[in-house]
Amino acid sequence: MADFSSTFHFLLTFLLLLRPSLSSAPNLSELFEIWCAEHGKTYSSAEEKLYRFGVFADNYDFVSHHNNLGDSSYALSLNAFADLTHHEFKASRLGFSLSAALRNSQPVPPQEPSPPLDVPDSLDWRKEGAVTAVKDQGSCGACWSFAATGAIEGINKIKTGSLISLSEQELVDCDRLHNSGCAGGLMDYAYQFVITNHGIDTEDDYPYQGRDGSCRKDKLKRNVVTIDGYIDVAPSDEKRLREAVAVQPVSVGICGSERAFQLYSKDMDQKTELIIGL
């Protein structure tokens, strides 16, 4: 009986014969192996690996077509999501959504906006030490919790001088009145949970698991960081958004449902890179 590797290569050769377009990409199978090693990808069977190679090849075609157009403001790449179909990516990574629980409830009323502020021409809160290291939500659609903790971590650093990584998992497990854990949520409800709970625990004490879990009620009173309230900025109100960012790092919800967002690499003008999830 052939081993796993030889079985995959046999199936891959068969696939290339059935789909000649794949063979037009030089060393695509070698590129896939390099990509798997770079991102630590392993598969349970030759059949699964073959399927993922097919998805990878389709994403390769999409990335190559886009980048060869030459008239786009951004570039795509074969990033860590290149073996996922777009449906799989949306289902597992996009958690800023109105689930049934959210649609059946009213948003928490925000505070009144503060008076207009003078804002600097530029400000990078990372350089001010008010942003924690990049976190990875994994296959749990809990981006809403990361957006909420990011803003709270920032204002806590600004007010107290201490940058403390806070627990997204506490929000995923315990903030269930309106939010839906890995199935999606809104930052407003997360803020209200922290206010009502009189604070939130740290990442170290209540670490992220990347999945829904039971609320650890023994952690609920370990309120290391507290907030008094929050303010919503209306969509497209750039003036208020500039004012808000001048005060602290903010939570922002964007539409990431386009296929290009899944494979985004960098802006062609500013040469900035986006890390999803990420």
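A search of the whole structure finds two disulfides, a disulfide being a pair of cysteine sulfur atoms within 2.5 Å. This is a predicted model, in which local features need pLDDT of at least 70 and side-chain atom pairs count only at pLDDT 80 or more, while totals for chains, interfaces and linings use all residues. Residues are numbered from 1 along each chain as its sequence is written, and side-chain values use heavy atoms, with hydrogens and water left out.

Cys 140 is joined to Cys 182, with an S to S distance of 2.0 Å. This link is left-handed, with -100° about the S-S bond. It connects distant parts of the chain, 42 residues apart: Cys 140 lies in the loop between α6 (100-103) and α7 (143-160), and Cys 182 in the loop between α8 (168-174) and α9 (187-196). Helices here are DSSP runs (H or I, at least four residues), numbered from the N terminus.

The sulfur atoms of Cys 174 and Cys 215 are 2.1 Å apart and form a disulfide. The pair also links distant parts of the chain, 41 residues apart, with Cys 174 in helix α8 and Cys 215 in the loop between α9 and α10 (238-247). Its link is right-handed, with 95° about the S-S bond.

In sequence order, the bonded cysteines pair 1-3, 2-4. Cys 143 is in no disulfide; the nearest cysteine sulfur, that of Cys 140, is 9.1 Å away.

The table gives relative accessible areas; buried means under 20%, exposed over 50%, and partly exposed in between (1.4 Å probe, protein chains only).

| Residue | Relative accessible area | Class |
|---|---|---|
| Cys 140 | 1% | buried |
| Cys 182 | 19% | buried |
| Cys 174 | 13% | buried |
| Cys 215 | 25% | partly exposed |
| Cys 143 | 23% | partly exposed |

Technical notes. Helices (H or I, at least four residues) and strands (E, at least two) are DSSP runs, numbered from the N terminus.
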